[in-house]
Amino acid sequence: MSDQSLQGAIITSQLIASIATRTTLETPGVLRLEPTNQSFLPRLGPAALQNLRHPGSQNGTYQHDGVTATISDGTARVHLYIATDIAYTALHVAEKVQQRVRESISHTGLTPGAIDVTILAIERHHRTTIM
Amino acid sequence: MALEDIPRLGCGRSIDRIWGTIDRPPTAHEEQCDQCQTARTRLRRLSKATRSLRESDLHNPTMEPRPGIKNAIMDVVRAKVRRGSRILLRSADNGTTEISEQALSSLIRSAAAAIPGVHSRRCRIEIRSAAASVADEDHPTGTTGTSTNAGPRLIINLRVAAAPGIVIPRTVEALRHEISNAIPASVGIGAGTVNITVEDLYDV
């Protein structure tokens with residue numbers, strides 16, 4: 001058994017999504033991840049979930065509120081939907097998220113692929129004071 | 001020639017009409033008409049059975065929605081509103097960054113709210129490639145615009161209502177200045193062209 005196949009068995013797209021979520025939420029300027037239509041269907045029940053997942057694919061796509069993670073050929077791709085704090089520059093926040101998520105993924109042994117970020121809202125944080 | 005496909009009794013009354021008024025007292029005709037009385041009796045039984053089934057469903061635990069389903073639906077509704085169309089801010093091999101039109105629009109409205117004497121109304125945002133010539137820019141009749149060359153080329157079309165008595169050119173210029181500062185600060189791109197149309201006056 002090679003190291004590569006062992007990694008494929010352990011590092012799932014769900015884990016990548018979890019890592020990306022945590023890393024994103026820890027990035028200054030990120031208020032939250034935003035749910036999407038795609039992430040809603042799995043919450044309806046197992047039947048809807050079955051339709052969304054690739055049957056029998058352990059390294060397929062995992063979707064949860066505001067994050068989609070895909071592993072393919074040892075490369076992890078992530079799409080994040082975020083809301084940012086108005087006190088921060090959203091583009092800079094997104095760049096920081098991409099950089100940090102890429103670093104986090106590289107620690108798993110997988111190759112970080114495209115980290116796409118969609119800013120769905122820019123809002124005032126309740127503790128933010130604009131000078 | 002249109003063919004009528006509404007089920008009717010021999011007296012000419014439609015079944016739908018009797019069903020629609022089943023909870024009301026019979027009309028003068030229905031009191032006299034045997035066919036209507038028979039139909040009302042049968043439909044009342046059907047109505048009672050329907051009501052009973054509805055009540056049963058309400059209290060049937062197997063018909064209960066999964067926990068959190070309402071929140072999940074509301075999350076999606078909110079997300080759907082926020083998403084709208086998206087504007088590409090940056091594209092590279094290692095990932096793209098987009099922003100929803102709704103996020104930009106909210107930011108513009110928030111900036112407009114800081115200017116006394118104007119209420120923002122409809123806000124439309126278009127995107128034009130960075131290579132587009134400034135000379136190509138479109139200023140709708142009755143609007144004023146300004147432009148910068150930083151970042152993706154946004155064309156913001158904001159309609160506002162103004163308070164009576166304000167100096168409109170000065171107020172509009174202050175509004176444009178506010179928007180032109182807010183977008184680079186909060187998004188990180190230039191505001192591009194900001195077209196403002198004063199379409200109405202509002203009562204103070």
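Here is a short chat about a predicted model with chains A and B.

Q: Before we start, what kind of model is this, and how are things numbered?
A: It's a predicted model, where local features need pLDDT of at least 70 and side-chain atom pairs count only at pLDDT 80 or more, while totals for chains, interfaces and linings use all residues. Residues are numbered from 1 along each chain as its sequence is written, and chains are lettered from A and ligands numbered from 1 in the order in which they are written.

Q: OK, what's the average pLDDT of chain A?
A: Chain A averages 80, and 71% of its residues score at least 70. The pLDDT is the predictor's confidence in each residue, from 0 to 100.

Q: How many helices and strands does chain A have?
A: There are 5 helices and 5 strands in chain A, and along the sequence they read α-α-β-α-α-β-β-β-α-β. Helices (H or I, at least four residues) and strands (E, at least two) are DSSP runs, numbered from the N terminus.

Q: Switching to chain B, what's the strand order in its open sheet?
A: The order is E3-E4-E5 (chain B), 3 strands with mixed pairing. E3 and E5 of chain B are the edge strands, each pairing on one side only. Strands pair if DSSP finds at least two bridges between them.

Q: Which way do the neighbours run, parallel or antiparallel?
A: Strand E3 (residues 118-128) of chain B and strand E4 (residues 153-162) of chain B run antiparallel, joined by 9 bridges. Glu126(B) stands opposite Ile155(B) in E4(B). E4(B) and strand E5 (residues 193-201) of chain B run parallel, with 8 bridges, and there Ile156(B) stands opposite Val194(B) in E5(B).

Q: How does the chain get from E4(B) to E5(B)?
A: It crosses through helix H6 (residues 168-186) of chain B, in a right-handed β-α-β crossover. Right-handed means that, with the strands pointing away from the viewer, the path from the first strand over the helix to the second runs clockwise.

Q: Last topic: how many residues does each chain put into the contact?
A: Chain A gives 24 residues and chain B gives 26. On the chain A side, helix H3 (37-44), H5 and strand E5 (111-123) are the elements giving two or more residues. E5(A) supplies the largest share of that side, 9 residues.

Key:
Contact = placed C-beta atoms within 7 Å.
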